[in-house]
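This report walks through a few features of one protein model. Please look at the sequence and structure first.

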Amino acid sequence: MKIGFIGAGAMAQTLAYHALRSGHQVMLSNSRGPESLAAVATRFGCQVGTSQQAAEFGDVVVIAVPLYAYNRLPKEQLEGKVVLDLLNYFPHRDGYITELNSSDTTTSELLASYLTGSKVVKAFNSITVQDLQRDARPQGAADRRAIPIASNDAQAKELVAKLIDDFGFDVADGGKLSESWRFERFRPAYCVAAPKDKLERILASTTQDTVVADGHWLHTRYV
Ligand SMILES: NC(=O)c1ccc[n+]([C@@H]2O[C@H](COP(=O)([O-])OP(=O)(O)OC[C@H]3O[C@@H](n4cnc5c(N)ncnc54)[C@H](OP(=O)(O)O)[C@@H]3O)[C@@H](O)[C@H]2O)c1
């Protein structure tokens, strides 16, 4: 599969590593242009381009930018595409976004409200980049952890679920984008290392009132 990346930082490079390792084609992009990615292209043996080119390239396009840049994405080139949404909301970095602070919407719905023609799938927001580097396991491994996923589009969700499996993780179904608050920051499922069945139980038992301290995953592992 062809995977375009908008953003070429820590998360994009780690996912690109897993994608290339599992036989996919990759194009990375950032805000400064492809020239700034020459060394990365050589190191990874992947293509680089502008954000517009990465969007056009990908069967799946990974959005690996800070949330504050969501409404600068190449909307036209992302029309009809499966968009993999990694975004998390950090007010100190992203600015104060009223709808997110009031929990009226999810970060994914905010992205989908901008990318109206795209098939948004939320995944990989709920694992730290360090864990993404070290926790990938082959299918069937006893300590294989799961990644929560949400989308309103069943086919797009299935496609991203296949990628998650290729990258070395099981999938925990988190429902639709409107339900993806269950694995946003300050929720028990967020960044927690857990197998599929445990993570799905955590997601199901999380209510709007279930809140945990920042960094809780550092002292909570189930695999
Ligand atoms: N780090 C983690 O552990 C982690 C875990 C889960 C989810 N996430 C989320 O994943 C996303 C990426 O995180 P990260 O840690 O990889 O960030 P990062 O290392 O800071 O990289 C951000 C990337 O986004 C690019 N970018 C910024 N604005 C852009 C724009 N308008 N158009 C195109 N590219 C743009 C930057 O390019 P330039 O440098 O050229 O500006 C950079 O390559 C964030 O939303 C983060 O919250 C992070």
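This is a predicted model: local features need pLDDT of at least 70, side-chain atom pairs count only at pLDDT 80 or more; totals for chains, interfaces and linings use all residues.

Is Phe-167 buried or exposed? Phe-167 is buried, with a relative accessible area of 3%.

## Aromatic pairs

The count of aromatic pairs comes to four. Tyr-70 counts as buried because its relative accessibility is 16%, under the 20% limit. Tyr-114, at 21%, counts as partly exposed. The charged end of Lys-75 sits over the ring of Tyr-114, 5.1 Å from the ring centre.

Phe-124 and Phe-167 form a stacked pair, because their planes are at 25°, under the 30 degrees that stacking requires; their ring centres are 6.0 Å apart. Here too the pair links distant parts of the chain, with Phe-124 in the loop between β6 and α8 and Phe-167 in helix α9, 43 residues apart. Phe-124 is buried, at a relative accessible area of 1%. Ring pairs join Phe-124, Phe-167 and Phe-169 into a cluster.

## Nonpolar cores

The largest nonpolar core has 35 residues, and those with the most contacts inside it are Phe-5, Leu-28, Phe-124 and Ile-164. A second, separate core of 20 residues includes Ala-55, Leu-87, Tyr-89 and Ile-97.

Setting aside neighbours within four places in sequence, Phe-5 is in contact with several residues, among them Leu-15, Val-26, Leu-28 and Val-62.

Strand β1 pairs with β4 in the parallel sense over four bridges, and Ile-3 stands opposite Val-60. β4 and β5 also pair in the parallel sense over four bridges, with Val-62 opposite Leu-84 in β5.

Asp-85 belongs to strand β5, while Ser-108 is found in helix α7. A polar contact of 2.6 Å joins their side chains. Asp-85 is buried, with a relative accessible area of 0%, and Ser-108 is buried at 0% relative accessibility.

Apart from residues up to four places away in sequence, Asp-85 touches Ser-108, Leu-111, Val-120, Val-121, Lys-122 and Ala-123. With neighbours within four places in sequence left aside, the contacts of Ser-108 include Val-120, Lys-122 and Leu-177.

Conventions
Residues are numbered from 1 along each chain as its sequence is written. Side-chain values use heavy atoms; hydrogens and water are left out. Helices (H or I, at least four residues) and strands (E, at least two) are DSSP runs, numbered from the N terminus. Buried means under 20% relative accessible area, exposed over 50%, partly exposed in between (1.4 Å probe, protein chains only). A polar contact is a pair of N or O atoms within 3.5 Å; within protein, one must be able to donate a hydrogen and the other to accept it, and residues adjacent in sequence count only if both atoms are side-chain atoms. Contact means heavy atoms within 4.5 Å. A nonpolar core is a set of buried Ala, Val, Leu, Ile, Met, Phe, Trp, Tyr and Cys residues joined through side-chain atoms within 4.5 Å. Two strands pair if DSSP finds at least two bridges between them. Rings of Phe, Tyr and Trp (its six-membered ring) pair if their centres lie within 6.5 Å; planes under 30 degrees apart count as stacked, over 60 as edge-to-face and the rest as tilted. A charge sits over a ring if NZ of Lys or CZ of Arg is within 6 Å of the ring centre and within 35 degrees of the ring normal.
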